[in-house]
Amino acid sequence: MTDQIMRAPKGTFDVLPPDSERFLAVRETLTAPLRRAGYGYVETPVFEDTAVFSRGVGESTDVVTKEMYTFDDRGGRSLTLRPELTAGLMRAFIEHRLHTGALPVKLWTVGSAFRYERPQAGRYRHFTQVDMEALGVDDPALDAEVVALGVQGFRDLGLTDFELLLTSLGDSSDRPQYREKLVAFLEKLDLDEDTRRRAEINPLRVLDDKRPEVQAQLDDAPLMVDHLSDASKAHYDAVRQYLTDLGVTWTEAPKLVRGLDYYTKTTFEFVHSGLGAQSAIGGGGRYDGLSAALGGPDVSGIGYAMGVDRTLLAVEAEGLDIVPATGVQAFVVPLGAEAKRLAVRLVGRLRQAGISADTVYGDRGLKGAMKAADRSGASHAVVIGERDLAEGVGQLRDLRSGEQTAVPVEKLFERLRDTVGR
Ligand code: HAM
């Protein structure tokens, strides 16, 4: 029998060193602005009762109808691996009655999401999102804060080739009238059965149809932004005013349709020009009906999710070096059993003192050990040979210049600490 190598499931991948440092840097940089703006960290389960998503994300979406990892657990409950993080956060907000405290409640989280999509570059079945939500207050200034924080995260990474697409999807007071107009328009078009059925559940989704034969018929489609109520229009105008005040630029995107059904009013997406078909590196918007749809109080919310994996692709597409110096500061190379005990102690003390240090494990010999020292990223190494030990010294070596000095064994810790810790 031939051995079959086990592989990660289709549409998933492993993040390994040294690339994982870039992954961490993206995650950190996208979350730092949130922490600075008073958002609090939350964790929710990676699976929820299926209804959280079917009711929350919406029955007309591909996400709910085709892409969820849904299963019955051994107790016969229908559970679903989260395809996104917002609905679970809202479930937690309602369950813990956070709306009874000070508003807005500002939350962020980061973690895995799962969608059974057709894998391609930038589109995976398991991916990571940085997600933030501001709940309980409908204030255009808050919409602007949310959008601006998203922009900040990308800017902090050094990204420049991205664009903010912005629109307003109206709310329950103006969307129904617009919907009627759109349905009437779509009825006159030449559409296949599937698309007609889609249009019945959510006609907006047809605007997002990428097929050229459909797009060609949509030039004169009525647009939500032209049918906003006075209140929705005033809201959107205020959001744009605040965004201008915050130095954020955007592109009006009246045909922007998001993949999830809960959006109302301010809706946005970040697209990057270096990514090909899967160009959205993040997106979000206001979702004033979500809490009620999940059985909670009638409170509003707005937030976004950034795709960590796609943002990393964008960072690579722009050739940005985002990784702070990695590797250890100091490396210890012992030769022989006695030197090894000294090395283990020395590395332990350095680490306790907050200095990153490493040594070799297994019998590597001098050549192999020096290679490991070079690869470790350390600026300095201590080489402790048998002859050195007999003389009570170790060789402190500057790995960049190759310069070497003998240091008494009992002084090695202080010398290393003071040299690399500067
Ligand atoms: P979304 O647009 O579905 O929004 O996802 C946000 C981001 O996650 C996308 O822009 C993309 O970067 C990344 N993403 C989505 N699907 C995949 C995939 N299959 N592979 C790799 N990356 C992917 C949401 O999920 C909303 N919950 C955002 C939100 C928060 N709205 C309000 N609050």
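What covers the buried residues of α12? I started there, in what is a predicted model, where local features need pLDDT of at least 70, side-chain atom pairs count only at pLDDT 80 or more, and totals for chains, interfaces and linings use all residues. Residues are numbered from 1 along each chain as its sequence is written, and side-chain values use heavy atoms, with hydrogens and water left out.

**Helix α12.** I found α12 at residues 308-317; helices (DSSP H or I, at least four residues) and strands (E, at least two) are numbered from the N terminus. Seven of its ten residues are buried, meaning under 20% relative accessible area with a 1.4 Å probe and protein chains only as cover. They are V308, D309, R310, T311, L312, A314 and V315. The cover includes α1 (19-36), α5 (140-156) and the strands β6 (126-135), β9 (264-272), β10 (280-286) and β11 (301-307). After α12 I came to G319, with a positive phi near 65°.

**Domains.** I looked up the domain assignment, automatic or from a database: domain 1 is 19-174 + 228-317, and domain 2 is 330-420. Their C-alpha centres lie 49 Å apart.

I get 37% helix and 22% strand over residues 25-324, with the end C-alpha atoms 8 Å apart.

**F47.** I placed F47 in strand β2 (residues 47-49). F47 is partly exposed, at 40% relative accessible area (the class between 20% and 50%).

Key: Contact = heavy atoms within 4.5 Å.
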